[in-house]
Amino acid sequence: MADADTRPNVLLVLTDQERYDCSAPAGPPVETPAIDSLSSDGTRFDRAFTPISICSSARASLLTGQFPHGHGMLNNCHEPDAIQPNLPADLPTFSEELVAAGYDLTYTGKWHVGRDRAPADFGFSYLGGSDDHHDDIDEAFREYREERGVPVGEAELEAALYTGDDPRDGSDGTFVAAKTSVDVEDTRAFFLAERTIDAIEAHADGDRDIPFFHRTDFYGPHHPYVVPEPYASLYDPAEIDPPASYAETYDGKPQVHENYLAYRGVTDFDWDNWAEAIAKYWGFVTLIDHQLERILETLDDQGLAEETVVIHVSDHGDFAGSHRQFNKGPLMYDDTYRIPLQIRWPGVTDGGATCSVPVHLHDLAATILELADVPAPDSFDSRSLVPVLENGGELPESADWRDSTFAQYHGDEFGLYSQRMVRTDRYKYVYNGPDIDELYDLEADPAELQNLIDHPAYADVRRDMRNRLVEWMDETADPNRVWVTDALETAS
């Protein structure tokens, strides 16, 4: 193992439900100067995907380096019907490996990886910012707001739209999005940045021979999109055009897609509703980006920027009106499965490279350990991105890497709904246990509107994609491999 002073510090900034396109070069006009700086100074991954579009499951994958069927946390841990409310105690995590290697670990913000086991159980010093789930305000944030004189009613604002209370101001709003009258400095996003800045300054004042790992988990831009001025009015709904996928008809799609409109309560939403929600969503993204900017400035001010790897990523995306849908669910579109990922590694990723290698969120577990010169446990299903980062965003010639990504879904609060998905650069195939499968030609139909599963011209593609799916399930010891294979043989 390398000496401690040759190993970099690592700052991981994880957002909650941030869409890939908000910081993509060809994306909508969302202001993200901090994320853009990480892209220009580091490496931006344009084919990064979550292994599952559910918070607890995705976050557990990031921590354990495993696909969800490996760690067993298949749906959200706070729900009464959680299949597994906590990670197994004996399952290796990257954080515990870092502690054993001498890293100093701190954490602030959303957790949501277990009902009973908190960040401290995985080696982190927790600095507050979220309760066991994320709906309520924890003691640290409450004390911060009380010290600032925020009225009690306003202090509950970010939780209110879940509980049915409504302390919004007099502006128009829905359960999806609204404006709050609190100051920016009273938001949870600002508070989490403050706690992160405190942690960075503490590390700077401490023993710099001990490398640190700090994780900031912003609660947002997860719904409800409740933002203060100037972010609430930063984007004009009248200037937002519907995405191509807004033309969705659900013809030839699994029935659950259309059912989900009613389940999420957006059946009657028209474009004006969605434009208002998207404007607030974009404002939320920019609010968080400006807090990230403060954090990056602190690294510079404390003389730590050159020795700190910065990673920005999201657990999964958000429909935010695409396909006329809200939130996420049993719909495996890129809107919720494709995620932003930027990594800045001073002295290594200084060229502003764009990487088109297909990667998963939980590949970061192995990546972080290699940065720390720590071998990944055998239990990990993840691949380190270090060779790609060191090679200008390209795969080394000797690399053995799949040209596709694999994802799954097991249901969330509404019940089980088993899905598997394999995606290449051009095609996406979705296995739907209870209903019709899906096949999309992403080159001809990037909005994923036309399901080609029964199209005769795509018979060879369908066969190839199903074979790829089975290979992924074999490679990752997916326990559903047998009955999926039987179902596909019957279908063919």
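I began with Thr-43, and I found that this residue stands opposite Ile-343 in β10. Two bridges join β2 (residues 43–45) to β10 (residues 341–344), and the two strands run antiparallel; I took strands as DSSP runs of E of at least two residues and helices as runs of H or I of at least four, numbered from the N terminus. I noted that the model is predicted, that local features need pLDDT of at least 70 and side-chain atom pairs pLDDT 80 or more, while totals for chains, interfaces and linings use all residues. Residues are numbered from 1 along each chain as its sequence is written, and side-chain values use heavy atoms, with hydrogens and water left out.

Next I followed the sheet, which is open and has eight strands in the order β5-β4-β7-β1-β9-β10-β2-β11, with mixed pairing; strands pair if DSSP finds at least two bridges between them. At the edges I found β5 (125–126) and β11 (353–355), each pairing on one side only.

Then I turned to the helices. I saw that α8 lies across β1 (9–15), β4 (104–109) and β7 (212–217), running at about 165° to β4, whereas α12 (residues 363–371) lies across β1, β7, β9 (308–314) and β10, at about 175° to β9. Axes are lines fitted to C-alpha atoms, for helices over the stretch in contact, and angles run from 0 to 180 degrees between N-to-C directions.

Last, I looked up α5 (residues 139–147) and α8 (residues 188–205), which pack at about 105° with axes 11 Å apart. They are therefore roughly perpendicular to each other, a term for angles of 65 to 115 degrees. Ala-140, Phe-141 and Tyr-144 in α5 meet residues of α8 including Phe-190 and Glu-194, where contact means heavy atoms within 4.5 Å.

Conventions
Parallel < 35°, antiparallel > 145°, perpendicular 65-115°, else oblique.
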